[in-house]
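Let's walk through this model together, starting with charged pairs and then turning to the nonpolar packing.

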Amino acid sequence: MGLQLTNAQFNQVLARLSAKYAIYAPKNFPLEGRYSDTDMVRYDGITRVEDIVFERKSDMSAKEIVTPINETIMFFFNGQVQESKIPQKEILIFARACDINGFKRLDDIFLRNSETPDYYYQRRRNKIKFIAIECPSQGWDTCFCVSTQTNDTSDYALAVKSTGESLKIEIKDQEFAEYFADFAQNSTCQYQYQPVLENELKLTLPVIDSQEVLTRLKNHPMWKEYNRRCVMCGSCTVNCPTCSCFTTYDVKFATDSETGAGERRRMAASCHVDGFTDMAGGHTFRTSAAERMRFKALHKVHDHKQRFGDNMCVGCGRCDDRCPEHISFSSMIQKMHTAVEQIKQELNHDSK
């Protein structure tokens with residue numbers, strides 16, 4: 001079923017939905033961008049369609065709705081512990097295909113990586129339904145979702161395409177049809193969500209098919225350049241839809257040791273930042289920028305796929321957009337592919 005509603009009509013639908021759902025979408029924040037006098041587009045609650053940024057890719061991903069950068073998970077007082085509460089409403093998220101596919105990767109880590117799902121992730125994730133935002137025909141210049149096969153999704157209840165003063169809407173989940181009932185008779189159109197079929201940026205992802213290839217790639221000289229380029233700031237991981245690492249720490253409010261009042265917080269962490277692999281006794285597994293970049297890159301295009309069947313990277317290109325040193329992860333992927341093919345040729349030659 002397809003409808004075309006004016007922005008004013010869709011605002012009426014949003015008002016009805018807001019009784020049951022907390023609604024999030026990419027929203028513009030003036031003068032909060034990375035550089036002077038620039039804006040930032042990130043996810044926040046919205047009440048009207050005019051709040052939603054359709055024409056620009058968001059700087060931050062939608063993952064913060066489920067895994068906030070800093071979250072209190074429990075409180076303690078006088079030896080008693082109480083978990084933090086979250087809003088009771090269901091959640092609707094306006095998201096592009098890459099971000100929706102990003103949640104599938106987060107599900108792999110938080111829900112399928114062990115016998116016990118992550119409770120604090122799951123309690124929000126169970127509430128979520130998606131409204132797919134149709135992208136421009138080729139995405140943006142740093143997008144490579146077609147190469148990562150994350151350009152399409154079927155995991156949405158509604159899909160929308162903005163035409164400026166109106167919206168084309170696909171109602172996929174008939175549970176939502178009642179919210180559009182007032183407009184269904186006079187606003188029908190032939191609309192179905194269309195994924196991006198070709199990006200301007202095209203990559204070939206590496207296929208690492210043996211332990212020997214992996215070992216040689218880990219020792220490849222390509223990684224050395226990142227010792228002089230990467231400043232290990234963690235910007236690429238904070239805004240990545242699929243980075244999931246976090247740390248926990250306690251904040252004590254009362255100095256009285258018997259009272260022991262405080263809270264436990266969970267905060268986003270990054271494999272690029274000092275301290276991430278520190279152990280008791282002072283040992284650190286990865287100290288150089290090259291080692292940290294290699295760890296992240298292999299996790300994105302090999303390790304996750306080996307375990308769960310899909311590459312972790314969803315090709316959104318936000319890491320390229322956000323890096324203060326202009327390091328291109330998409331170029332790194334292509335370098336990895338070239339290196340892997342060279343290694344395979346060397347191994348083939350050695351075996352003869």
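Glu71 and Arg124 join their side chains in a salt bridge, 2.5 Å from N to O; the term asks for a side-chain nitrogen of Lys or Arg within 4 Å of a carboxyl oxygen of Asp or Glu. Glu71 sits in strand β4 and Arg124 in helix α3, 53 residues apart (helices are DSSP runs of H or I with at least four residues, strands runs of E with at least two, numbered from the N terminus). Glu71 counts as buried because its relative accessible area is 7%, and Arg124 is buried at 15%; buried means under 20% relative accessible area, exposed over 50%, partly exposed in between, with a 1.4 Å probe and protein chains only. Glu71 also forms a salt bridge with Arg123, with the closest N and O atoms 3.7 Å apart.

Keep in mind that this is a predicted model: local features need pLDDT of at least 70, side-chain atom pairs count only at pLDDT 80 or more, and totals for chains, interfaces and linings use all residues. Residues are numbered from 1 along each chain as its sequence is written, and side-chain values use heavy atoms, leaving out hydrogens and water.

Now look at Lys104 and Asp310, whose side chains meet in a salt bridge of 2.7 Å, N to O. Lys104 is in helix α2 and Asp310 in the loop between α7 and α8, so the pair ties together parts 206 residues apart in sequence.

Finally, the largest nonpolar core has 29 residues, and Leu217 is among those that touch the most other members. Such a core is a set of buried Ala, Val, Leu, Ile, Met, Phe, Trp, Tyr and Cys residues joined through side-chain atoms within 4.5 Å.
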